[in-house]
Amino acid sequence: MIKSMTGYGIGSQENGKVKYTVELKSLNSKFLELNLRLPKAVSDKEFALRSESSKLIERGKVNIFVTAEYVDQTAKASSINATLLTKYYKQLQEIALQVGEQQASLFEMALNMPEVVTSNEDTVDEEEGKVLMDAYHAAVNQFNKFRADEGEILKDDLETRVQMILSYLKQVESTEGDRIPLIRERISHYLDETVGKENVDMNRFEQEIIFYIDKLDITEEKVRLRSHCNYFVQALNASDSNGKKLAFISQEMGREINTLGSKANDAGIQQIVVRMKEELEKVKEQLLNVL
């Protein structure tokens with residue numbers, strides 16, 4: 001089953017102290033491109049999130065946004081070391097008196113001294129880290145479901161377009177019935193008018209006709225194109241289906257369609273080939289968004 005590279009998922013988890021919300025958005029990309037926005041408190045979880053994403057998301061340009069809401073809004077507030085602040089302030093007062101400087105800004109200076117103000121956002125405990133990862137996995141589950149649902153829509157569209165190519169191939173087969181006899185007749189008539197029938201070596205003529213018609217034969221192209229189309233549909237419905245494999249098959253389909261058009265030497269067939277190419281281009285465009 002194929003999946004779309006476009007996806008969206010959101011998951012939340014809480015433990016009574018904190019609520020983490022993880023939001024994932026993705027667009028198509030040849031590789032996995034991760035852009036993470038994390039609160040400073042869980043910045044050390046970035047490696048774990050990237051490692052899990054490489055396994056669970058695979059490919060795509062993915063944005064991951066993490067937000068934290070604390071039940072106690074002061075839980076992660078900065079704390080002030082009152083003892084150290086008082087000590088710094090008194091020392092600054094003494095120095096100001098000794099040198100005769102004003103004391104108006106001494107408190108602000110003391111507040112900015114080392115280790116007076118300590119941030120509590122530097123790290124989280126193991127329990128809080130687990131809440132974050134649970135929220136992430138909930139978001140990924142929803143994200144992958146979104147991708148699978150979008151993949152079903154893509155699958156139906158791709159299969160329809162490949163079936164259209166096969167229907168055009170049947171039109172080619174029904175159109176080409178008189179192609180070779182008409183070519184033979186046209187060449188024979190041309191020789192009769194230019195050099196005269198009595199001056200034509202019929203044995204040589206037959207040899208040249210066989211050689212020329214062999215170059216115009218499109219049997220192999222038809223067989224290979226039908227085979228590639230059937231293989232595409234088979235791969236599309238396989239459990240290990242992926243966009244890269246389908247893209248390779250579509251390239252082979254394109255080669256056969258191009259060769260068929262160039263060898264046909266028939267306006268009617270070439271018009272059908274143009275319609276085949278239109279459908280194949282739409283297939284290739286859709287495959288850019290297949291995981």
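Glu52 is buried, because its relative accessible area is 18%, under the 20% cut-off. Keep in mind that the model is a predicted one. Glu52 belongs to helix 1, which covers residues 46–56. Its side chain forms a polar contact with the side chain of Lys55, at 3.0 Å. Leaving aside residues up to four places away in sequence, Glu52 touches Met133, Tyr136 and His137.

Now for the helices. Two packed helices are described by the angle between their axes and the distance between the axes. Take helix 4 (residues 126–175) and helix 9 (residues 267–287): their axes come within 9 Å and cross at roughly 165°. An angle over 145 degrees counts as roughly antiparallel, so helix 4 is roughly antiparallel to helix 9. The crossing is left-handed. On the helix 4 side, the contact residues include Leu154, Leu158, Arg161 and Ile165, while helix 9 contributes, among them, Ile272, Arg275, Met276 and Glu279. Sorted by class, the residues of this contact are 14 nonpolar, three polar and five charged.

What about helix 4 and helix 8 (residues 243–264): how do their axes cross? The axes come within 13 Å and cross at roughly 25°, which means that helix 4 runs roughly parallel to helix 8. This crossing, too, is left-handed. Here Val162, Ile165, Leu169 and Val172 of helix 4 meet Met253, Ile257 and Leu260 of helix 8. The contact of helix 4 with helix 8 has seven nonpolar residues, with no polar and no charged ones.

Key
Residues numbered from 1 in each chain as written. Predicted model: local features only at pLDDT ≥ 70, side-chain atom pairs only at ≥ 80, totals over all residues. Heavy atoms only, no water. Axes fitted to C-alpha atoms, helices over the stretch in contact; angles between N-to-C directions. Helix = DSSP H or I, 4+ residues; strand = E, 2+ residues; numbered from the N terminus. Parallel < 35°, antiparallel > 145°, perpendicular 65-115°, else oblique. Left-handed = near helix turned anticlockwise from the far one by under 90°. Contact = heavy atoms within 4.5 Å. Nonpolar A, V, L, I, M, F, W, Y, C, P; charged D, E, K, R; others polar. Buried < 20%, exposed > 50% of the residue type's maximum accessible area, 1.4 Å probe, protein only. Polar contact = N/O pair within 3.5 Å; in protein donor to acceptor, adjacent residues only side chain to side chain.
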